[in-house]
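Work through the exercises below with the sequence and the 3D view open. Each task is followed by a solution in steps.

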Amino acid sequence: MDDSNYDEFGNYIGAELDSSSSEGEEEIEYAEHEQEDESLRDTGPRSSDDPEEKAQNLMAMMRRVDIAQHSPQIQQNQIVLHEDKSFYPSAEDVFGPDVEVLVQEEDTQALNEPIIAPIKTRKFTVGDEDGLPRTTYSKEFLVDLLGHSGFVRSVAVVGHLHHGKTTLVDLLVASTHEWKEWDLAVPIGTPMVKMAKPNQKAFGFTDTLQLERQRGVSLKSSAMSMVVQDSREKSWALNIVDTPGHADFFDEVEAGLRLADGVILAVDAVEGVMSGTRRAIATALREGLKMALVITKVDRLILELKLPPADAYYKLRLTIEEVNSAIASSPHGDHGRISPELGNVCFSSGSYGWCFTLDSFARQYTRRWSQAVDPRDLAKRLWGDIYYSAQRRTFIRKKIDPKAPRSFVHFVLEPLYKIFAHVTGEDAPALRPVLRALGVHLRSSDYELNARLLLRRVLGQFFGPPSGLVDMCSQQLPSPIDNAQDTAKRLCADGSSLLAEAVRVCDAAGPLVIAVAKQIAASDGQSFYVLGRILSGTVSNGMDVKVLGESFSDPEMDADEEDAALATVNGLWLSCARYCIDVSGLSAGSWVLLGGVDSSIAKTATIVGSDGKIMAAVRPLPVPAAVVRIAVEPAVPSELPRLLHGLRGIGKTYPLSQTRVEESGEHVVLGSGELYLDCVLHDLRHVFAEIEIRVADPVVSFRECVSETSTVRVFADSPNHKNRLTVIAEPLEQQVVNDIESGVIDPQWSARQTAQFFEANHDWDILAARSIWAFGPGTYGPNMLSDDTLPSETDKTRLRSVRDAVRQGFQWATREGPLCDEPMRATRFRILDATLADSVVHRGAGQIVPAARRVCYAGFLTAEPRLMEPVNIVEIQAPADCVSAVYTVLARRRGHVTQDTPKSGSSMYTISALIPTIDASGFETDLRIYTQGRAFCQHHFDHWQVVPGDPLDKDVSLRPLEPSSGQQLARDFMLKTRRRKGLGDDVSIEKFIDDPALRDIVKSFQQ
Ligand SMILES: Nc1nc2c(ncn2[C@@H]2O[C@H](COP(=O)(O)OP(=O)(O)OP(=O)(O)O)[C@@H](O)[C@H]2O)c(=O)[nH]1
Ligand SMILES: [Mg+2]
């Protein structure tokens, strides 16, 4: 390049260049063709020293090659028009017609992003990938049987943590499914019995999440439909839901109970009734569900505790008595007695593959050894203080011979103990005749199995399939149609509505009603299926339906009519935990998994026909309080939309969780405890949002309440100063709060019904009872608004005309209290006076709502406000020498022991205690450290408790980085919460009182 032709900026300033005309182009091309022809004759480029010439030669070469390859006519010196020339091959020529070619602009995508994203399937479920497993029944038969609701049983398996629920369901699955192991540690095709390793989580068919497998604990309710046979070989369609036992996941138990008509309560034979069992019993009774008991892990009495048979009987009887007393002590307890001779108790050992009821045992016994005896007669004599006299060969009620064993011990436990003893203690030659006498025939290779597997084989054959459990379900628990009346009572707020009528009839030909219990994320983590129970009608694939949200109810009841959406069912399955059976339609009484209807569902919903006949929703799921909260934010701020998307997924799949945005802009997730939030974060990071998230330390929710009646009558004016409301606040009785929260008081009752209830149950006088206007926040909130104005002082008609606006102000105030924006609790606001503008225009909602809110705040702050914190109930199991360490750990965390009892038949102690939730995070780890991992605890939210100290006491001095104690706590908690939420430190009543004179009075009272 000649530098003199260019200026210092690189612009060309040399002599004028020849402008290229079309003629010129033709000339050049013609010249080029000549050159090409020449070069075709030559084999290589002509050597030249001039670089420009060299470049030209090279270009000519390239064209020559292209033209030679792709335009054969050029070789024949044909004249080709310029527009017909093809210098380069098209993409189709190169790659063929069936390859899609994308031309991508340079640099629009980051280097680490693939141009064609791979199809993602998030591996968080263990699915059966090779089609459906083989079962002892045909899938069509199952679907057909589900159509006959008399032959359907829908049950939920509930109980305390690790009491063997999943293993019990495995027992049913194993008897009906040809097992194909999905666990990579075991070679595929391994026969099921060989894989059964007692005390290791070998099965867990209903533990479908990888998180459940990794942690060895069930986290979600998992539904399963199958055909099972009872002892008469009659087939039943069994819908069974395996619920988690961990206290944090009780919302999943509630979802499971929503689906069920009856409950199987699993209780560990050694641990007996624990806090989780009691909670499950109380909830099942609240829902009015029939219960049957399964005493699980009976083998532990023999192998671990090594109790003699007679003592094992006492231990089993004690466990049953504990269940009965838990039922009796429940406030909803009108359940009949639980006892083996009534047929509602089953004994099982899931790990060793057997279970039996007295009936099924007697049937086996008589079939093998004494066919003349009626098994039902024998079963009746197998429990209680009935003895067997070997000499007289009769059953006797009086123990004449001191050595005579109880019939249960003689006929059931002793043979069982003998089998355990023989199988574990004898070699094959000695064992063979014993087993033959029992009617158990094994292959010779089986004798080489280790003792546990051999025991499982022997006992599996001895007891046969779990028909006793099926007998119990079919005889003791109701069918959907028999339970339809109770279901209607339980799920429908208004018993006279069309919805209740349809649910009561439970007819396949009736109007469609599906109660959605929970949502399940699909394997891509983006779409969701809804699991529900068909209460009435028939649903089919492709059907148009209406999805009514939780806040939708009969329009006459002031509910949110907007919470309804039309949707089309685009997938219909029967849920079988690890696989789904595609079906075209299902009818009343079945459980169903629906696709394509989830978009408008937040948690649960009611799905009805699109014809608009039924326009009412079933009651929302009564989930426990979410009291532990964490703030989350994306590590990379620009990923906020993905976090929001992820939080939506969390809200859908965790029934109890709540997500909200604080005024400070932080995103808060509320859950029930540490494990719960840990799982939420796992799912957020790896399933729904797939981003890195920063998490703040867990804190708890608080509540605001009053401890006295307001010192003065406070009033607030509306913004236009034409309306004035006068109010006082006072504490609401605890019993009323309990009744509201437990749903005994239905906010949808008419004023008359509510008044009657208060008169009858709380001794309120008729005036006070009739003055109740609202409960809040929300429909089931534990605060009350009442109108105590006198007709002589207040224009009642005018006040009634602004009732909705006053209610709204009250709802707003109770939702966000003045102390730290937390909901109020146990506070009653009484309107004492109201001066309202003459003109309707001047007393519109815009004037009344803010006035009502301000007056509620003013009333609240003049009534000695207090802060309330959640308190957890803890149940700790520890050996005797660890009990003092447990006391120490509890004392360091403001906890105190309420009960401390030795566990009968074992060396463990059960310690019940209360501990503030804020101090419960990290408690389990602390406990394990102090007791060298020998103590176990379960805790869950129990009640709200007033935090010591006055939150408004400015004399309390708080030192940074030093924990507060005693009377400082309330102010400490309040200030920290306010700061976290971005509120100022100052909570002053002056903001809410306009009148200077009243302000002075209030101030003087406060001083
Ligand atoms: N000895 C013995 N152990 C059992 C038996 N059934 C279950 N287990 C063991 O008990 C533990 C818990 O069993 P699961 O069936 O998962 O109990 P679960 O009630 O489903 O547990 P969660 O759902 O997490 O509350 C596992 O380690 C099992 O191996 C049994 O019959 N005998
Ligand atoms: Mg489980």
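This is a predicted model: local features need pLDDT of at least 70, side-chain atom pairs count only at pLDDT 80 or more; totals for chains, interfaces and linings use all residues.

**Exercise 1. The protein as a whole**

Find how many helices and strands there are in the protein, and what percentage of its residues is buried.

Solution. 
- Step 1. The protein has 33 helices and 34 strands.
- Step 2. Of its 1007 residues, 51% are buried.
- Step 3. For the surface, the protein exposes about 47100 Å², and 51% of this comes from carbon and sulfur atoms.
- Step 4. Take the contacts between residues at least 6 apart in sequence: 71% of them join residues at least 24 apart.

**Exercise 2. Strand E15 and its partners**

Decide whether the residues of strand E15 are buried or exposed, and find which strands pair with E15.

Solution. 
- Step 1. Strand E15 covers residues 571-576. A residue counts as buried under 20% relative accessible area.
- Step 2. By that cut-off, 6 of the 6 residues of E15 are buried, so the strand is largely enclosed by the rest of the structure.
- Step 3. In a regular strand, side chains alternate between the two faces of the sheet.
- Step 4. On one side of E15 are Gly-571, Trp-573 and Ser-575, and on the other are Leu-572, Leu-574 and Cys-576; both faces are covered.
- Step 5. E15 pairs with strand E18 (residues 591-595) in the antiparallel sense over 3 bridges. Here Leu-572 is opposite Leu-594 in E18.
- Step 6. E15 also runs antiparallel to strand E16 (residues 579-582), joined by 4 bridges. Ser-575 is opposite Cys-580 in E16.
- Step 7. With 2 residues between them, E15 and E16 form a hairpin, and Ala-577 in the turn has a positive phi of about 55 degrees.

**Exercise 3. An open sheet and the helices across it**

Give the order of the strands in the open sheet of 5 strands, and explain why one side of E26 and of E28 is left without a neighbour in the sheet.

Solution. 
- Step 1. The order is E26-E27-E30-E29-E28, and the pairing is mixed.
- Step 2. E26 (714-717) and E28 (772-776) stand at the edges with a single partner strand each, so each has one side without a neighbour in the sheet.
- Step 3. Direction ignored, neighbouring strands of this sheet are turned by 25 degrees against each other on average.
- Step 4. Within the sheet, E29 (residues 783-787) and E30 (residues 827-835) are a parallel pair over 4 bridges, with Leu-785 opposite Phe-829 in E30.
- Step 5. Helix H27 (residues 803-815) lies across E27, E28, E29 and E30, at about 30 degrees to E28.
- Step 6. Helix H28 (residues 845-861) lies across E26, E27 and E30, at about 155 degrees to E26.

**Exercise 4. Helices H15 and H17**

Describe how H15 and H17 pack, and name residues that meet between them.

Solution. 
- Step 1. Two packed helices are described by the angle between their axes and the distance between the axes.
- Step 2. For H15 (residues 407-425) and H17 (residues 451-463), the angle is about 145 degrees and the axes are 10 Å apart. Their crossing is right-handed.
- Step 3. The residues of H15 in the contact include Leu-416, Ile-419 and Phe-420, while those of H17 include Leu-454, Leu-455 and Val-458.
- Step 4. By class, the contact of H15 with H17 has 11 nonpolar residues, 1 polar and no charged ones.

Terms used: Residues are numbered from 1 along each chain as its sequence is written. Chains are lettered from A and ligands numbered from 1 in the order in which they are written. Side-chain values use heavy atoms; hydrogens and water are left out. Axes are lines fitted to C-alpha atoms, for helices over the stretch in contact, and angles run from 0 to 180 degrees between N-to-C directions. A crossing is left-handed if the near helix is turned anticlockwise from the far one by less than a right angle, and right-handed if clockwise. Contact means heavy atoms within 4.5 Å. Ala, Val, Leu, Ile, Met, Phe, Trp, Tyr, Cys and Pro count as nonpolar, Asp, Glu, Lys and Arg as charged, and the others, Gly among them, as polar. Buried means under 20% relative accessible area, exposed over 50%, partly exposed in between (1.4 Å probe, protein chains only). Accessible areas come from the Shrake-Rupley method with a 1.4 Å probe; for residues, only the protein chains shown count as cover. Two strands pair if DSSP finds at least two bridges between them.
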